[in-house]
Amino acid sequence: MSGAEEGDLVARVEGAAGIIRLNRPKAINAVTLEMFRDIDKALDRFEADPAVAVIVLEGAGERGLCAGGDIRTLWESSKVNGDLGKILWREEYILNARIKKFPKPYVAFMDGIVMGGGVGLSAHASHRIVTDRTKLAMPEVGLGFFPDVGGTYLLSRSPGEIGTYFGLTGQTMNGPDAVHAKFADGVVQAAKWPELREALTKARPGATAADVSKLISGFATGETAGPVAAKEPLIDALFGFDRMEDIFAALKRDGSEFALATLKTLNEKSPRGMVVTLKLLRLARAASNLEECLVREYRAALEVFRSDDFREGVRAAVIDKDRNPTWSPPRIEDVTPQMLAPYLAEIGADELKFN
């Protein structure tokens with residue numbers, strides 16, 4: 001059956017597995033509001049069906065699980081002062097929290113590109129499989145945004161300052177580094193996926209998380225650290241600060257090839273986005289659960305949606321593709337506490353609430 005006939009989301013039962021397939025391969029399965037709603041409905045159905053032992057999330061096509069949310073549509077709404085951000089992020093974040101607490105084993109196949117909203121659908125799963133082709137990233141700071149969908153929760157739980165590094169630079173993790181950063185549980189060669197997927201569809205009714213873990217471990221390579229993990233002592237020394245100015249100063253002082261390359265990367269990002277991100281990451285370290293971080297991210301996201309930096313970041317990266325955003329303000333030093341405050345402020349009736 002062709003993708004056009006099946007729609008943007010395929011949800012069906014195959015044997016003992018409730019399959020959720022993101023089905024926009026030409027857009028690397030970028031997720032829309034309707035797709036989030038369809039995933040939620042599919043989870044309702046699979047949760048209630050005793051024949052479904054395990055959920056499997058996968059992406060159509062060869063390029064990846066999901067390149068993120070449908071940024072262009074959000075940009076268009078932001079330009080006209082619309083309310084798509086408020087609606088989409090509320091439903092998306094509530095879905096992220098639901099995935100984290102889902103009562104049946106939920107297996108996410110994180111092959112190829114996994115970014116932004118795709119991380120939200122997969123990295124909160126009970127069983128997270130990456131591959132030899134995985135390219136996982138939270139690149140939102142380059143859009144005048146911050147790592148949302150529970151990204152601040154995940155990054156703040158990575159070892160040392162690895163999460164601070166990935167959150168601020170937007171750099172890509174390979175499969176083993178995603179395991180090291182606690183975004184995934186195991187590496188399985190992409191070529192082995194059809195066999196593992198087949199085994200998952202034959203899981204026995206009432207299969208436990210431990211049963212599914214045992215099944216997956218039979219296919220896993222055992223790799224747990226990639227190239228970034230090897231630099232962890234240096235990253236810890238350079239990113240162990242609570243102010244962006246201090247991180248920049250440490251990178252300049254260090255002067256190594258890695259530090260200078262990192263400095264160049266950070267200089268391309270939104271200064272306001274970096275300050276907001278670092279603050280949210282530090283607050284997330286003290287959070288007792290994912291929901292607490294999502295509430296804070298929702299407040300900040302609504303403020304981002306109103307900001308020139310978001311519109312400018314998306315314009316430069318996605319619309320005009322000139323890769324030359326004009327950030328406001330243009331320098332880290334110019335981001336004042338007064339500018340930061342609205343991103344952290346309570347929002348009354350609009351606060352994110354979970355069922």
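## The second largest pocket

Five nonpolar residues, one polar residue and eight charged residues make up the lining of the second largest pocket. Here Ala, Val, Leu, Ile, Met, Phe, Trp, Tyr, Cys and Pro count as nonpolar, Asp, Glu, Lys and Arg as charged, and the others, Gly among them, as polar. This is a predicted model: local features need pLDDT of at least 70, side-chain atom pairs count only at pLDDT 80 or more, and totals for chains, interfaces and linings use all residues. Residues are numbered from 1 along each chain as its sequence is written, and side-chain values use heavy atoms, with hydrogens and water left out.

The volume of the second largest pocket is about 340 Å³. Of its 14 lining residues, the closest to the centre are Asp40, Ile94, Leu95, Arg98 and Asn355. Helix H2 (33–48) and H4 each supply at least two lining residues. H4 gives the most, with seven. Helices (H or I, at least four residues) and strands (E, at least two) are DSSP runs, numbered from the N terminus.

## The largest pocket

The largest pocket holds about 1,100 Å³ of space. It is lined by 39 residues, and the closest to its centre are Ile71, Pro139, Leu143, Ala317 and Val318. Two or more lining residues come from each of helix H3 (71–79), helix H4 (84–101), strand S6 (113–115) and helix H16 (308–319). H16 has the largest share, four residues. By class, the lining has 21 nonpolar, nine polar and nine charged residues.

Pockets and cavities are found on a 1 Å grid over the protein atoms alone. A pocket is an open set of points with protein on both sides within 12 Å along at least five of seven lines. A cavity is a set of points where a 1.4 Å probe fits but cannot get out. Lining residues have an atom within 4 Å of a point. Grid points are joined across faces, edges and corners, and a volume is the space filled by probe spheres set on the points.

## The cavity

The structure holds one cavity of 30 Å³ or more. The largest cavity has about 40 Å³ of space. Its lining consists of Gly144, Phe145, Phe146, Arg272, Gly273, Val276, Val304, Ser307, Asp309 and Tyr343. Helix H14 (residues 271–285) provides the largest share, three residues. Five of the lining residues are nonpolar, three polar and two charged.

## Nonpolar cores

The largest nonpolar core has 96 residues, and Leu22, Trp89, Phe183 and Met244 have the most contacts inside it. Helix H15 (residues 290–305) gives the most to this core, with ten residues. Apart from it lies another core of 18 residues, among them Ala53, Val54, Val107 and Ala203. A nonpolar core is a set of buried Ala, Val, Leu, Ile, Met, Phe, Trp, Tyr and Cys residues joined through side-chain atoms within 4.5 Å. Buried means under 20% relative accessible area, exposed over 50%, and partly exposed in between (1.4 Å probe, protein chains only).

Not counting residues up to four places away in sequence, methionine 244 touches Leu168, Leu266, Met274, Val275, Leu278 and Ile332. Contact means heavy atoms within 4.5 Å.

Threonine 152 sits in helix H6 (residues 151–156). It is buried, with a relative accessible area of 2%. Beyond its neighbours within four places in sequence, threonine 152 contacts Phe146, Pro147, Leu280, Leu281, Ala284, Cys293 and Glu297.

Glycine 64 belongs to strand S4 (residues 64–66). It is buried too, at 7% relative accessible area. With neighbours within four places in sequence left aside, glycine 64 contacts Ile28, Asn29, Gly59, Asp111, Gly112 and Ile113.

## Helix H3 and its buried side

Ile71, Leu74, Trp75, Ser77 and Ser78 are buried in H3. They lie on the same side of H3 because they cover an arc of only 165° around the axis. The arc is that of the directions from the helix axis to the C-beta atoms. H4, H15 and H16 are included in what covers these buried residues.

## Backbone details in the loops

Most residues other than glycine have a negative phi, and most peptide bonds are trans. Asparagine 81, in the loop between H3 and H4, has a positive phi near 65°. It counts as exposed, at 68% relative accessibility.

The loop between H16 and H17 contains lysine 321. Phi of lysine 321 is positive, near 55°, and the residue is exposed at 56% relative accessibility. Proline 329 lies in the loop between H16 and helix H17 (337–344). A cis peptide bond joins serine 328 to proline 329, with omega about -5°.
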